[in-house]
Amino acid sequence: MMLASERHQLILSVVREHGAVRLADLVERLGVTAVTVRRDVTELADRGLLTRVHGGVTLTRPRGGHPEPGRAASAFGPAAHGALVGMVAPSVEYYWPTVVQGAQSTVAATGGRLVLRASSYDAAEDRRQITKLLERGVQTLLVAPATSGRGALDLLRWLGSLSVPVVLVERLPPPELPTLALDAATTAHALGAGLAVRHLVSLGHRGVGLVTSRSSPTSRALRTGWRETIGSLGLDTGAALDLDVPVYGSPGWAQEYDALLDHCLRAGVRALLVHADREAIGLIERARDGGIAVPGELAVVSYDDEVAAASDPPLTAVCPQKHRLGAVAAELALARLADTTERPVHRLQLWPTLVVRESCGSAPESALE
């Protein structure tokens with residue numbers, strides 16, 4: 001008699017092959033009762049590996065998309081009009097430009113103006129730039145400050161003491177400051193890592209490695225989500241490689257990437273979640289030059305979806321809703337500025353979406369007939 005785990009793998013294999021399968025066909029294929037099949041597919045759906053539809057199952061597919069720019073209405077209360085809003089971003093070259101655009105469009109829609117300053121993931125520089133904005137006369141602040149390292153706690157305490165409203169963007173206070181009363185808008189990066197792992201598992205992979213290029217708040221959150229998802233799905237922990245590489249294009253990067261790919265192949269790991277796009281593109285480049293077929297011999301999912309679509313092959317990617325994040329942060333700031341009543345702290349978290357392209361070899365969607 002077939003074990004439940006064997007039935008689950010067979011169900012996933014059939015759905016991968018056909019894209020969508022009727023429950024009645026699974027009953028006949030497995031030789032078990034309809035009750036057993038419904039229980040099996042329910043468990044797989046609960047784990048995020050399949051999607052239940054009327055009369056059958058399909059591969060799990062991403063939902064959602066990019067928000068429309070320029071949204072002016074706020075779900076958080078009346079918005080202040082004509083406000084001068086300051087924003088400090090840790091970079092204006094990668095990831096953050098779209099966040100800034102989301103905030104700018106929202107502020108402009110209310111007749112206000114956004115004033116941007118760039119920092120460098122350094123608490124002292126963050127404080128200097130924020131001080132300049134306060135001297136400029138901004139009425140509220142959107143800030144992505146350093147939350148770890150030297151001076152970070154003092155910076156956050158100072159932000160909490162300012163007379164103007166402050167909204168944290170892609171940051172939360174660390175455990176050392178559990179009651180710091182600052183609004184925040186963040187992305188559920190750990191959940192995004194889980195989306196990537198579940199997608200790869202639904203395609204038949206039992207070992208999924210994580211590749212990061214630097215220590216950042218996003219990398220830490222991805223590592224947490226990756227580990228939790230591997231544990232919850234009962235994956236092979238011996239194939240759960242946690243790897244680090246130099247930034248793509250830095251001195252010696254090619255040799256390091258070659259060594260990583262060799263390590264993965266020797267360990268039997270054929271699926272990787274990579275942060276971020278440029279490192280994923282670099283790995284695919286080195287794999288191709290080394291005779292490793294992507295997606296035939298190695299499946300890759302990138303995180304950030306900045307330039308993933310331009311890869312060869314195009315990269316399946318987890319896409320944080322960056323424009324909407326900036327818009328939500330600005331809405332929070334403008335609503336707090338306009339609200340003269342006692343207002344609770346708001347902590348908003350947006351889910352990223354999974355954009356399926358060619359780098360994982362996923363089967364095309366097909367509808368039930």
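# Briefing: domains, helix packing and backbone exceptions

A276 sits in the loop between β11 (271-275) and α10 (277-289); helices (H or I, at least four residues) and strands (E, at least two) are DSSP runs, numbered from the N terminus. The peptide bond that joins H275 to A276 is cis, with an omega of about 15 degrees. This is a predicted model, in which local features need pLDDT of at least 70 and side-chain atom pairs count only at pLDDT 80 or more, while totals for chains, interfaces and linings use all residues. Residues are numbered from 1 along each chain as its sequence is written, and side-chain values use heavy atoms, with hydrogens and water left out.

**Domains**

- The protein divides into domain 1 (8-57), domain 2 (82-186 + 322-349) and domain 3 (187-318), with bounds from an automatic or database domain assignment.
- The centres of domain 2 and domain 3, taken over C-alpha atoms, are 31 Å apart.
- In domain 2, 9 residues are in contact (heavy atoms within 4.5 Å) with 11 residues of domain 3.
- About 860 Å² is buried between domain 2 and domain 3, and carbon and sulfur atoms give 44% of this area; buried area is the accessible area (1.4 Å probe) that two parts lose on being put together, summed over both.
- Of the area that domain 2 buries against domain 3, 55% comes from Y94, Y95 and K322, more than from any other three residues.

**Helices α4 and α11**

- Helix α4 (residues 96-109) packs on helix α11 (residues 322-338) at an angle of about 45 degrees, and their axes are 6 Å apart; axes are lines fitted to C-alpha atoms, for helices over the stretch in contact, with angles from 0 to 180 degrees between N-to-C directions.
- α4 and α11 are therefore oblique to each other (under 35 degrees is roughly parallel, over 145 roughly antiparallel, 65 to 115 roughly perpendicular, and the rest oblique).
- The crossing of α4 past α11 is right-handed (the near helix is turned clockwise from the far one by less than a right angle; anticlockwise is left-handed).
- From α4, the contact is made by T98, V99, Q101, G102, A103, S105, T106 and V107, and from α11 by K322, H323, L325, G326, A327, A330, E331 and L334.
- The contact of α4 with α11 has 7 nonpolar, 7 polar and 2 charged residues (Ala, Val, Leu, Ile, Met, Phe, Trp, Tyr, Cys and Pro count as nonpolar, Asp, Glu, Lys and Arg as charged, and the others, Gly among them, as polar).

**Helices α7 and α8**

- Helix α7 (residues 189-202) and helix α8 (residues 217-233) also form a packed pair, at about 45 degrees with axes 7 Å apart.
- α7 and α8 are therefore oblique to each other, and α7 passes α8 in a right-handed crossing.
- Among the residues in this contact are A193 and G194 of α7 and G225 and W226 of α8.
- By class, the contact of α7 with α8 has 8 nonpolar, 6 polar and 1 charged.

**Helices α5 and α6**

- Helix α5 (residues 123-136) packs against helix α6 (residues 152-161) at about 20 degrees, with axes 9 Å apart.
- This angle makes α5 roughly parallel to α6.
- α5 and α6 cross in a left-handed way.
- The contact residues include I130 and L134 of α5 and L155 and W158 of α6.
- The α5 contact with α6 contains 7 nonpolar, 1 polar and 2 charged residues.

**Other backbone exceptions**

- Most residues other than glycine have a negative phi, and most peptide bonds are trans.
- D312 is joined to P313 by a cis peptide bond, with omega near 5 degrees.
- P313 lies in the loop between β12 (299-303) and β13 (316-319).
- Y95, in the loop between β4 (84-89) and α4, has a positive phi near 70 degrees.
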